[in-house]
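User: Could we go through this model together? I would like to begin with the backbone and then move to the strands and the charged pairs.

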Amino acid sequence: MKSIKYILLTLLTVFMASCNSEDNNYEIAYTKTWPLDGQYKVTVTDATGAVVKSGLFCYISNTVDDVNNKIWLRIGNYNQAAKDAFGINGKLDCDVAALTFSGQAQNLSGNVATSTETFSVTSGSIVLKGAKAPSGTVCDKISFTFTRTNFPGKTYKVEGYRYTGWPED
């Protein structure tokens with residue numbers, strides 16, 4: 001009987017210790033640049049409307065400065081070659097309340113520490129619930145235009161939607 005009490009006490013302790021009272025809500029809404037932040041699936045077109053590249057990921061994130069008027073914008077992977085017309089990576093100005101971003105930045109595409117090339121973004125905007133993903137999910141829309149000093153005279157347009165994580169998106 002004594003051993004049964006010890007077994008029950010041990011089981012009770014294990015069950016009580018395994019309860020989790022924390023809120024496991026992992027949304028990034030706590031950053032100062034939310035709701036701009038996120039991963040977007042985009043298509044890049046040139047001035048004629050010809051598709052340069054589709055199915056790319058575009059990332060917007062908070063900067064290490066943790067301010068509400070600067071974001072990092074990147075299209076492609078961290079090691080995306082700067083020779084690709086769509087490869088951009090740099091810090092831009094933003095207006096969180098207006099859901100807009102723009103500016104000129106040093107292009108750190110290719111995961112480099114310094115670069116002589118720059119890119120300019122204009123008309124950057126996020127429209128909340130402004131797009132529909134292939135899965136049918138209503139999500140946020142992203143659009144902006146950019147130019148690069150390595151491709152003088154060329155303007156590129158980027159449009160897409162916030163990635164949902166569903167396989168069909």
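**Backbone, strands and charged pairs**

User: Where is Lys129 placed?

Analyst: Lys129 is located in strand E6, which covers residues 118-132. Please keep in mind that this is a predicted model.

User: What is the phi of Lys129?

Analyst: The phi of Lys129 is positive, about 55°, although the residue is not a glycine. Most residues other than glycine have a negative phi.

User: And is Lys129 buried or exposed?

Analyst: Lys129 counts as exposed because its relative accessibility is 67%, and the cut-off for exposed is over 50%.

User: Where does Thr33 lie, then?

Analyst: Thr33 is in the loop between H1 and E1. Thr33 counts as buried, since its relative accessibility is 0%. The side chain of Thr33 makes a polar contact of 2.6 Å with the side chain of Asp37.

User: What does Thr33 touch beyond four places in sequence?

Analyst: The residues touched by Thr33 include Ser61, Asn62, Val67 and Asn68. Lys70, Ile71, Cys94 and Val96 are also among them.

User: Changing topic: how are the strands arranged overall?

Analyst: They form a closed barrel of 8 strands in the order E1-E2-E3-E4-E5-E6-E7-E8, with antiparallel pairing. From one strand to the next, the twist averages 30°.

User: How many bridges does E1 have with E2?

Analyst: E1 and E2 pair in the antiparallel sense over 8 bridges, and Tyr40 stands opposite Cys58 in E2. The two strands form a hairpin with 4 residues between them, and Gly49 in the turn has a positive phi of about 95°.

User: Which strand pairs with E1 over 7 bridges?

Analyst: Strand E8 (residues 151-162) does, in the antiparallel sense. Tyr161 in E8 is the bridge partner of Lys41.

User: What about E3 and E4?

Analyst: E3 and E4 pair in the antiparallel sense over 6 bridges. Arg74 has Asn89 in E4 as its bridge partner.

User: And how do E4 and E5 pair?

Analyst: Strand E4 (residues 88-95) pairs with E5 in the antiparallel sense over 3 bridges, and Cys94 stands opposite Phe101 in E5. Their hairpin has 4 residues between the strands, and Leu99 in that hairpin takes a positive phi near 60°.

User: What is the bridge partner of Phe101 in E6?

Analyst: In E6, Phe101 is partnered by Gly124. E5 (residues 100-106) and E6 pair in the antiparallel sense over 6 bridges, with Gly103 and Val121 among the bridge partners.

User: How many bridges are there between E6 and E7?

Analyst: E6 and strand E7 (residues 138-148) pair in the antiparallel sense over 9 bridges, and Lys132 stands opposite Val138 in E7. Their hairpin has 5 residues between the strands, with a positive phi of about 95° at Gly136 in the turn.

User: Now the charged pairs: how many salt bridges are found in the whole structure?

Analyst: The search finds 5 salt bridges. One of them joins the side chains of Asp93 and Lys70 at 2.4 Å, N to O. Asp93 lies in strand E4 and Lys70 in strand E3, so the pair ties together parts 23 residues apart in sequence. Asp93 counts as partly exposed at 38% relative accessibility, and Lys70 counts as partly exposed at 27%.

User: What does Arg148 pair with?

Analyst: Arg148 meets Glu117 in a salt bridge of 2.6 Å, N to O. Arg148 is in strand E7 and Glu117 in the loop between E5 and E6, so this pair ties together parts 31 residues apart in sequence. Arg148 is buried, with a relative accessible area of 3%, and Glu117 is buried with a relative accessible area of 3%.

User: And which residue forms a salt bridge with Asp140?

Analyst: Arg162 does, the closest N and O atoms being 2.8 Å apart. This pair links Asp140 in strand E7 with Arg162 in strand E8, 22 residues apart. Both Asp140 and Arg162 are buried.

Terms used
Residues numbered from 1 in each chain as written. Predicted model: local features only at pLDDT ≥ 70, side-chain atom pairs only at ≥ 80, totals over all residues. Heavy atoms only, no water. Buried < 20%, exposed > 50% of the residue type's maximum accessible area, 1.4 Å probe, protein only. Pairing = 2+ DSSP bridges. Polar contact = N/O pair within 3.5 Å; in protein donor to acceptor, adjacent residues only side chain to side chain. Contact = heavy atoms within 4.5 Å. Axes fitted to C-alpha atoms, helices over the stretch in contact; angles between N-to-C directions. Salt bridge = Lys/Arg side-chain N within 4 Å of Asp/Glu carboxyl O.
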